[in-house]
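Okay, shall we get going? Have a look at this one on the screen, and I'll walk you through it.

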Amino acid sequence: MIALPDQLFFNTGIGTYIWILTNKKTPNRRGRVQLIDAREEYAGMRKNLGNKRHTIPEDSITKIIKTYNEFVESDKVKIYNNEDFGYTKIIVERPMQLNYQVTQERLENLYSYSAFKKLAESKSKDPETKIADETEGKKQQEEIKEALLTIGDDLYTDWDAFEAKVKQALNQFDLKPAFIKNIIEKLSEHDDKAGYVTDKKSKPKADSNLRDAEKIPLVQNIDDYFEEEVLKYYPDAWYENKKNKIGYEINFTQYFYIYEPPRSLEEIESDISKVTAEIQELLKE
């Protein structure tokens with residue numbers, strides 16, 4: 001994979017790469033990937049053509065081909081095994097821990113639930129029917145909110161206890177279990193001190209808001225990485241092997257990055273002092 005100079009084309013300034021792919025590799029190249037940094041191998045044009053400002057001279061082309069054929073590492077050439085670019089993407093789950101409360105602020109969250117929002121919408125094309133449907137829907141929304149307010153503003157940390165209160169308050173409405181479940185979620189907030197929300201098998205449910213992903217190099221053991229990088233900070237986290245995905249990526253710039261330490265504070269202060277002195281002289285004039 002060869003990184004070419006930028007600004008080679010008329011209508012784009014993005015970086016360009018040449019990929020050399022073959023299934024007839026010599027033994028020393030099998031299972032290996034050669035990265036060549038040729039981004040500095042260019043000459044400026046006398047007259048720019050849009051974004052095209054650079055060309056690759058013949059001597060640079062010869063140099064790049066020679067570098068490719070030599071297959072030797074240097075500051076401009078990196079050679080890796082195929083596996084070095086591979087990773088396993090795992091989905092890190094954390095348990096759902098919620099508190100529940102009926103407040104005016106949390107009731108507003110109900111409008112982010114599509115089924116609740118659609119109560120005040122109409123599919124009718126007749127203007128009068130549409131207005132009547134929307135008015136009736138808004139009325140039902142307000143009635144549901146008023147019914148929930150009868151629960152009071154006590155703070156709950158147990159799903160089952162709060163669910164019983166919500167079902168009792170909304171008993172007069174013909175609402176499906178999924179609707180009730182989503183209402184409860186909209187009235188909840190994450191709480192590290194609350195108990196786990198569990199499923200029918202008493203297993204903790206995963207909180208989608210806390211879900212994260214980790215990319216683990218193929219050459220590294222997943223369990224060792226998970227224990228060191230995840231469990232150390234979130235002891236109750238977990239992942240499922242069936243959700244793992246294998247992928248590959250080449251972050252070219254990363255492999256040729258050279259760290260440049262920042263300037264010292266003394267040097268920066270010296271520059272500031274010089275500029276300040278120049279400003280003072282200008283103000284005197």
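Predicted model: local features only at pLDDT ≥ 70, side-chain atom pairs only at ≥ 80, totals over all residues.

Residues are numbered from 1 along each chain as its sequence is written, and side-chain values use heavy atoms, with hydrogens and water left out.

Strand S1 (residues 2-4) and strand S3 (residues 32-37) run parallel, with two bridges between them. When I say strand or helix, I mean DSSP runs numbered from the N terminus: E with at least two residues for strands, H or I with at least four for helices. And two strands pair if DSSP finds at least two bridges between them.

S1 and S3 sit in an open sheet of four strands, ordered S2-S1-S3-S6, and the pairing is mixed. At the edges you've got strand S2 (16-18) and strand S6 (77-81), each pairing on one side only. On average, neighbouring strands here are turned by 25° against each other, direction ignored. Helix H1 (residues 58-70) packs on this sheet and touches S1, S3 and S6, with its direction at about 155° to that of S3. On the angles: axes are lines fitted to C-alpha atoms, for helices over the stretch in contact, and angles run from 0 to 180 degrees between N-to-C directions.

S3 also pairs with S6, antiparallel this time, over five bridges; there, Gln34 has Ile79 as its partner in S6. Five of the six residues of S3 are buried, so the strand is largely enclosed by the rest of the structure. Buried is under 20% relative accessible area, exposed is over 50%, and partly exposed is in between, using a 1.4 Å probe and protein chains only.

Next, the hairpin. Strand S4 (residues 43-49) and strand S5 (residues 52-55) pair antiparallel over three bridges, and Gly44 stands opposite His54. Two residues lie between the strands, and Gly50 takes a positive phi near 65°.

On to helix packing. H5 (residues 159-169) and H6 (residues 177-186) pack at about 115°, axes 10 Å apart. From H5 the contact uses Trp159, Phe162, Glu163, Val166 and Lys167, and from H6 it uses Ile180, Lys181, Ile184 and Glu185; contact means heavy atoms within 4.5 Å.

Phe162 and Val166 turn up again in the largest nonpolar core, which has 26 residues, and they're among those with the most contacts inside it. A core here is a set of buried Ala, Val, Leu, Ile, Met, Phe, Trp, Tyr and Cys residues joined through side-chain atoms within 4.5 Å. Strand S8 (98-100), helix H4 (127-149), H5 and H6 each supply at least two of its residues. Ile144, leaving aside neighbours within four places in sequence, is in contact with Phe116, Leu119, Leu170, Phe173, Phe179 and Ile183.

Last stop: Asp192, in the loop between strand S9 (188-190) and strand S10 (212-217). Asp192 counts as exposed because its relative accessibility is 55%.
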